[in-house]
Amino acid sequence: MSLLRRKRAGEKPEAPRTRLQPRLILAAMGPGMVAALAGADAGGVATYSNAGALFGFNQLWTVPVMCFLLIVAQETAARMGCVTGKGLASLIREQFGVRLSAVAMLALLVSNTTVTLSEFAGIASALALFGVPVYVSVPVAALAIWLLTMSGSYRRIEKVLLAIACVFVTYIVAGVMVGPNWGDALLHTVVPHVDATPQYLSLLVASVGTAIAPWMLFLAQSNVVEKNANAEDLPYQRIDTVTGAVAASVISWFIILTTGAVLHPAGVAVSGAEDAAAALAPLVGDYAEALFGAGLTGASFLAACVLPGITSSAICEAFGWERGADRSWSEAPVYRGIITAVIAISAAVVMVPGINLFGIMMVAQVINGVLLPVLLVFMVLIASDKHVMGRFANGRAWNALTWFTIVAVTVLTVIMFVMQALGL
């Protein structure tokens, strides 16, 4: 229990802890895990599947690198939430003004709505593998997601999302089932194998965008604030952050492993996660397809549950409106209204015949590519400010790591834009 919670309960604060307590480690688990695993969504599964199908094990080395970058970004966001008790949107408004905050929130709204749309497309595609038509799967999923986000209890929502996250184990099972060359896979994980082609670089950029998305920063910090965690809880939140990043990286590693071991040798190209699932069946059996399809369903559903809520929470926080899963319609009409609108619009667009979903997802990718480095700059400037963070401000080493992340993301984003402009 955090110091803030003990004060509210009328209890005396404990003396500073000298040892980590297993019970409190388990109590802290959730924010980092949900934030990281939600990033392994439909777009992430499609990206990793494509990387494996096209280049075999050659992009396995990027997984630990992306894991490291994710830990840097997520730890900083969680630490800011613990120390200030405020979300990222609120801190941006306070430190940089309403205008910049409004621009960032508009970009976040457009980006997250298009990404939510892609999650519904992932749900529709995955359930189609099991014979469920889109006009059934999407409305039912939209209703279930809306009911969950409107349930009025953050703790209940978090528990449900963590339970859904268990479906990611199916990717590990599928990876073991295909019988890959483990020695070769491990070698490619620790030794970089770079193919200097536009297609390879494009997938590398997409992997960065999948591993660290702008909404994940808001989610990580917001979830810590929702749990009333404070500076005393930092060691436990760091464990949660690192655990979540490692778990998400293991999932992505097994997706590349599975498709790299099966689809690449067979010369099977895929354009989406559902294609990868369907292609596995004739090569290694229906069980692998079912496991891959189940993982895609769970991944898309988890992200679709998270995105509308974090979008609405960030916007309301930036402008000082009431927000929170425990607020009623009368208390937080804008918060609940934005969630409802994002879910309804996303579900409706997916069911439009002939809609160019790929084009919409490309718009989201471009917005994310521009927004992420800007948000990371905001974040590192705030995290380095001792007036805001006190003794928990970034040190020189962590500042260097964060700026390295910003430079790496910016360079890769510029490469992506250049390749798109050249039509590569």
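The tour below goes from the whole chain to single residues.

Before you click, note that this is a predicted model, where local features need pLDDT of at least 70, side-chain atom pairs count only at pLDDT 80 or more, and totals for chains, interfaces and linings use all residues. Residues are numbered from 1 along each chain as its sequence is written, and side-chain values use heavy atoms, with hydrogens and water left out.

**Whole chain.** Switch to cartoon view: you'll find 20 helices and zero strands. Helices (H or I, at least four residues) and strands (E, at least two) are DSSP runs, numbered from the N terminus. Of the 424 residues, 54% are buried; buried means under 20% relative accessible area, exposed over 50%, and partly exposed in between (1.4 Å probe, protein chains only).

**The core.** Now select Met 105, Phe 120, Trp 215 and Phe 218, which touch the most other members of the 106-residue largest nonpolar core. Helix α16 (residues 286–319) gives this core its largest share, 16 residues. Such a core is a set of buried Ala, Val, Leu, Ile, Met, Phe, Trp, Tyr and Cys residues joined through side-chain atoms within 4.5 Å.

Zoom in on Met 105. What is it in contact with, leaving aside neighbours within four places in sequence? Look for Ala 89, Phe 218, Ala 314, Ile 315, Ala 318 and Phe 319. Contact here means heavy atoms within 4.5 Å.

**Helix α5.** Next, select residues 62–84, helix α5, where Thr 62 sits. Thr 62 counts as buried because its relative accessibility is 3%.

**Salt bridges.** There are five in the structure, each a side-chain nitrogen of Lys or Arg within 4 Å of a carboxyl oxygen of Asp or Glu. Show the side chains of Arg 238 and Glu 75, which meet at 2.8 Å, N to O. Arg 238 lies in helix α14 (residues 234–266) and Glu 75 in helix α5, so this pair ties together parts 163 residues apart in sequence. Is each end buried or partly exposed? Arg 238 is partly exposed at 35%, while Glu 75 is buried at 9%.

**Last stop.** Select helix α17, residues 333–350, which reaches 26 Å from its first C-alpha to its last. Its buried residues include Tyr 335, Ile 339 and Val 342.

Key. The expected span of a helix is 1.5 Å times one less than its number of residues.
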